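User: Please go through the structural terms applied to this model and set each one against its definition.

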Amino acid sequence: MCALNYLHEPAILANLRQRFFAKMPYTYTGEICIAVNPYQWLDIYNERIGAKYGAALKKSDLPPHPYATSTAAFRGLRMYSKNQSILVSGESGAGKTETVKILLNHLAAIAGGEQGDTTIDKVINSNPLLESFGNAKTVRNDNSSRFGKFTELQFNERCHLVGSNINTYLLEKSRVVTHSRGERSYHVFYQLLAAPESLKAGFRLGHKSKADLRYSGLGQDATSVIEGISDADRFTRTNAALELIELDKEARAQLWGGIAAVLHLGQVTFDHVVVDGHDGSSVREQAGALSAAAALLGVGVKDLAKKLTRRVITARMESIEVLLSVDRAAEACDGLAKEVYFRLFDWLVARINQSTNHPASAARKVGLLDIFGFESFAVNSFEQFCINYANEKLQQKFTEDVFKTVQVEYASEGIAWSHIDYKDNASTLDLLEAFRTGMFALLDEEGVLPKGSEEAFVTKATKAHVQHASFLRTNKGSGGVEFTIRHYAGDINYTALGWLDKNKDTIQDDTVAMLRDSTCTIVSTAFTPLAEQESVAGSASPAGKGGHKRKGSLMQESQASKFKRQLHGLMGAINTTEVQYVRCIKPNKVKNCKHVTCRLNECGHMILHRARTSDVIVRCDINSMTHKLQHMLPTSTYSQPIVPSAAQLVCRVSNVAM
Ligand SMILES: Nc1ncnc2c1ncn2[C@@H]1O[C@H](COP(=O)(O)OP(=O)(O)OP(=O)(O)O)[C@@H](O)[C@H]1O
């Protein structure tokens, strides 16, 4: 990119586009590797090519490739004993997860393992295993990771790969109970339902298919099948991977039992009842869904029914039971299903770590970050707020690394340089995370008030930040719960509806206690606070060696505080390392290799546009538009501007040779 005659947006786009069609998906911008998802498996990932990159003396000797990034990280490790991180970013479907796998496989190949050690196999196979539990089909990606992941690869003194430790972030809980049309829930549900009938019968799912069950059957149509993937085959693969991380038959049965229990919870329905003159609800136990869920979770059926239809409120040392309406009971049931799934996922991550994490032999580390990109939807909720906060943090790190350090270095070495103007997002971050007055703190504060509301949260935030350049109150609709944050990548309008509940998002303490006392070891461990697990580390307890922290609900940490804490931990870990960047770009929305439609936004971020095959939509500065288009596409004709605005212009360019 740096070798281009004109380094401006259209030239960057044209370069990437040309290379994409020439089957060269990778391009360097300085040290950064830009990866345009090729949407076809090119013959550029194999041992021979990997070895060539591993042995290359100079990066420029070979075409751009993520292998060069992993090689640079490995060299930093071996020659300078410096821990490394590779941060892979991009929007959903841009290719982050596949890129991380390419990097991981290459690092494993060039480092090698100790003779007879099966750790490398476990480390590599833990990826598809986690994908089964944490990935789902979405409209944007057939295998979309619904969580963030930081994998620390551990190397010994001889730089052999000896272990790994995974930290995960923000699993999308809501997907367990609902998903949009054309999407699916987590892969494991479909894998279990495609398992042999004899096995399914053991989980009381005999002759049940995905369409028969509420959680897996939502929005069923032709798109709920993933092209080229057999759920039955994947079930076998997932089981083999569970075996590889040393989960015995009993533990595997318990884990699948937990997944089946979630599906059964989705089938539980409630009837209206009157108890002592008060309205309440009771479980309609026709199809045996509740008893199946209770048996698989290892709890009493009466106890479970009670937890779903009543709530215990403690005030001034006194506990009273409140009956739940049919709607509230159904919500409690969905809440339980989400929490069980979330805790099982967390348990699995810890179990993988138990099998692969060898901190005592880890002299050095390479961290691989695969985290959700910036999100902007028609309605942006709490999840987008957290995700975009994470992206602000990473952007700050990126800015510091790329611009600040270069400037400081140049100045200290007395090299003449012209001032580089870049957007510093420190004040936006302050708005979000400041102690007491930051948006997260205000949300937490509102959440503990007896009569707290989202409207009051937005009103308080407006009062506190009315002067802040990155905060805008949006006064339209939604009962005063809208506000806008001026992020580095653009303005995002948030709707705070339901945020107080989402921020708590825990089930009742007495329900946690019931599951902690489960006769099923995995369920019981999953609901036991980490500190307690450590003192009773048993065969199904992953706490012994895992670096994964799990908190008991009794600690009542809000989701926002937990995510903030995790993110600070992540940034702390990254800050102690030398960082390499891979920026992934999605070339089109139709997930194919013959199409590219993209634009850069004001901050230089690639954004998609739906367009006809022969169209390219270009967004650029109004003043230099003509010059840029002519430079970029000299043989094409372009139409009159279709969306003029003060600062920008979007126009459609036709007749572009493919
Ligand atoms: N290097 C590659 N070669 C060929 N196809 C690829 C490559 N990278 C990604 N793909 C294709 O793109 C799809 C989406 O990639 P991937 O799952 O890595 O995206 P992602 O950025 O991790 O998305 P999400 O944020 O939704 O998890 C893959 O399932 C695969 O079909």
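Predicted model: local features only at pLDDT ≥ 70, side-chain atom pairs only at ≥ 80, totals over all residues.

Analyst: Residues are numbered from 1 along each chain as its sequence is written.

User: What does Glu454 touch, not counting residues up to four places away in sequence?

Analyst: Two residues are in contact if their C-beta atoms, placed from the backbone, lie within 7 Å. With that exclusion, Glu454 touches Val481, Ala496, Leu497, Trp499 and Leu500. Ala287 is 167 residues from Glu454 in sequence and 39 Å from Glu454 in space, C-alpha to C-alpha.

User: Why are α3 and α4 described as oblique to each other?

Analyst: Axes are lines fitted to C-alpha atoms, for helices over the stretch in contact, and angles run from 0 to 180 degrees between N-to-C directions. Angles under 35 degrees count as roughly parallel, over 145 as roughly antiparallel, 65 to 115 as roughly perpendicular and the rest as oblique. The axes of α3 (residues 66-80) and α4 (residues 96-111) come within 9 Å and cross at roughly 50°; α3 and α4 are therefore oblique. The contact is made by Pro66, Tyr67, Thr69, Ser70, Thr71 and Phe74 of α3 and by Thr99, Ile102, Leu103, His106, Leu107, Ile110 and Ala111 of α4.

User: How many residues of each class does the contact of α3 with α4 have?

Analyst: Ala, Val, Leu, Ile, Met, Phe, Trp, Tyr, Cys and Pro count as nonpolar, Asp, Glu, Lys and Arg as charged, and the others, Gly among them, as polar. On that basis the contact of α3 with α4 has 8 nonpolar, 5 polar and no charged residues.

User: What makes β1 and β2 a pair of strands?

Analyst: Two strands pair if DSSP finds at least two bridges between them. Strands β1 (residues 26-29) and β2 (residues 32-36) run antiparallel and are joined by 4 bridges, with Thr29 opposite Ile32 in β2. Their hairpin has 2 residues between the strands, and Gly30 takes a positive phi near 60° there.

User: Which strands form the open sheet of 7 strands?

Analyst: The order is β1-β2-β16-β3-β12-β6-β7, with mixed pairing. The edge strands, β1 and β7 (161-169), each pair on one side only. Within this sheet, β3 (residues 84-89) and β12 (residues 364-370) run parallel over 5 bridges, and Leu368 in β12 is the bridge partner of Ile86.

User: Why is one side of β13 and of β15 left without a neighbour in the sheet?

Analyst: The open sheet has 3 strands in the order β13-β14-β15, paired antiparallel. β13 (471-473) and β15 (490-495) stand at its edges with a single partner strand each, so one side of each has no neighbour in the sheet. Strand β14 (residues 482-487) pairs with β15 over 6 bridges in the antiparallel sense, and Ile485 stands opposite Ile492 in β15.
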